[in-house]
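Colleague: I would like to learn how to read a model of this kind. Where do we start?

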Amino acid sequence: MRFRTKTIIGIGLIEATLLALLISSVMAVLARSNERELEQRVRLAGELLAGASREAVLAQDLATLEGLVDAAIASSHIDYVSILDQDGRVLAQRGDGTLLARPFHADSSFSSVQDDVFDWATPIQVKGVNYGQVRVGLSTLPLAALVESAREWAGGIALLEMALVALFSWMLGTYLTRQLVGLKDASHHVAQGDFDYRIPVRGKDELAEVTVAFNQMTATLRHRNEQLAEESATRSETARQLEVTASQLRQRGEQMAAIFALSPDGFVSFDLQGRVGLVNRTFQTILGVDGSTVLGLELEELVAVLRGKCVQARSGCLEQLMHDEAAVGAGNRGVRCLIELAQPTGRLLEIRVQRALIGHVSMVLHFRDVTFEAEIDRLKSQFLMMAAHELRTPLASIYGYSELLASGRIMSQDLEEVANVIHRQSGVLASIIDELLELSRIDAYKGSLFEMREVSLFELVQAKVAGFLVPEGRARPVLTLQDDSRVYVDVQRIGQVMEHLVDNAYRFSPGDTRVDVAVGQERGSDGEMRAVLEIRDSGIGMDQEQQKRSFERFYRADSSGVMPGLGLGMTIVYELVKLHGGRIAIVSSPGQGTSVSVSLPIV
């Protein structure tokens, strides 16, 4: 396309754009101003007619009302007028019969008109009481025709102006191209190495200045050509430095590729066309997909693959991920989405999408396994809920009875009972706090504070059984020695394990049954002999699911809430036995009682 043609087209486009903006703005202002004027006319006519017809409506003076609607039609340039009483009966009306016969729907403004008629209703009120209504209507078609006519005239004027602009642009382009032909010929000479060629300078306008500048450029080029030989050595050195830089960049790329491949988090990068360009090994592993199957996919297609890998209930945020990714800017943390994988069950992944706009990368998806963090949050919430509930029960009793004591309303014969209740509930509260402190010490020190020494397991158990406080009305535990062993343990901690297991046996068994404690030996799976402490009861027992979860933190087999506690006892037992190098096993059936065996290494 020639320069002259480009000039004409460019100027024409600019002129057309400006004229389009001007015409549209003027038409919009014209239409709106006329609409406001007509709205005011209709509203004023309705208000004046409502005020003038108030007395006539009250008196049911139809002749006066007929005169008022005739005058309104004649003076207000409206299409119809109708006066109705408070029951909706027409008292008087004039105007276009077609408009009067159609259903009346009042319009709030011209912009809300849908049937080419602006309908307005003004109530007829006396001291706040509504006695009727004045309805006024005005067709919007004349206004639309006026605006359309104005638009056609403006369009014709704009076309004429554009034709004149095109003519003057053609004349200007012809003048400019005549001067530029000389520059083109001179450029060919310079391109062929003729640096002595000069263009004659004519006139004093900008093109003449360009000609002078071109002649100066050819002189500079000749001088520069002479310097090229001297710069060859410099270019060789630069090339060597570039090679060194390229090698460094390759090494950095290899390092980044290694980080990308070995990262514990999954990454998916998108190219400038919005398609998957690269996935790392972790992404393929945690989602169980072949990287080649997702390469080239767009975000929507990748989201469909992810949706098939996650639990349906947790897939909703993937839709939000697609909707929000366009709003993500470079440099921020990006849109966050949490999904749960169907396989393996319970694994939670956090997905973040972030705009990159670096090189050939437009966007990066970051996948992080947050299963552990989610489990920690769940345990924390469960702990807070259970701790609040279990602490509140004894505290409520202590607070209530202490308040009665403070008020002096307790009879002297009841003081002992009240003191016993406060003492028992304080013991429950102290027991809960001791469990929390014990578990925190186990987590913090991992047995480093244990006072280990060699003892007889039977003697240790015998001493603890002798000092155990048996529930009222229950028989003492029956201790049986099968084989004694020397063990290397913290006496207090192993005693704590035995006391807790015996206490559980009493709590979950009927009052007319006994609890057995046996000390013996057994051969472990590794062939080594181990000391065994076994506690048996004839209580309610546990099913397989309860046995599997017995050592979970905050798990309680008794979901009724009758038995106090946080569900940490068996967890503490398990952790203490494990820190002694021991093992613990449960054998139980519903209604058949429970047997808990603790095995410890023999010295």
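Modeller: Start with the secondary structure. This is a predicted model, and its chain comes to 16 helices and 16 strands.

Colleague: Which residues touch the most other members of the largest nonpolar core?

Modeller: The general idea is that nonpolar side chains tend to be buried together in soluble globular proteins. Here the largest nonpolar core has 35 residues, and V461, L501, L533, I535 and V598 touch the most other members. Elements giving two or more residues to this core include α13 (457-467), β14 (529-536) and β16 (594-601). Helix α14 gives the most, with seven residues.

Colleague: What is V461 in contact with, leaving aside its neighbours within four places in sequence?

Modeller: V461 is in contact with L479, M498, V517, V519 and L533.

Colleague: Which residues form a nonpolar patch on the surface?

Modeller: L160, L164, L167, F168, W170 and M171 form one, with about 650 Å² of accessible area together. Of these, W170 lies in helix α5 (residues 141-191).

Colleague: Why is W170 called partly exposed?

Modeller: Its relative accessible area is 43%, and partly exposed means between the 20% limit for buried and the 50% limit for exposed.

Technical notes:
Residues numbered from 1 in each chain as written. Predicted model: local features only at pLDDT ≥ 70, side-chain atom pairs only at ≥ 80, totals over all residues. Heavy atoms only, no water. Patch = residues over 30% accessible without salt bridge, like charges linked within 9 Å, V, L, I, M, F, W, Y side chains within 5 Å. Areas by Shrake-Rupley, 256 points an atom, 1.4 Å probe, with all protein chains shown as cover. Salt bridge = Lys/Arg side-chain N within 4 Å of Asp/Glu carboxyl O. Helix = DSSP H or I, 4+ residues; strand = E, 2+ residues; numbered from the N terminus. Buried < 20%, exposed > 50% of the residue type's maximum accessible area, 1.4 Å probe, protein only. Core = buried A, V, L, I, M, F, W, Y, C linked by side-chain atoms within 4.5 Å. Contact = heavy atoms within 4.5 Å.
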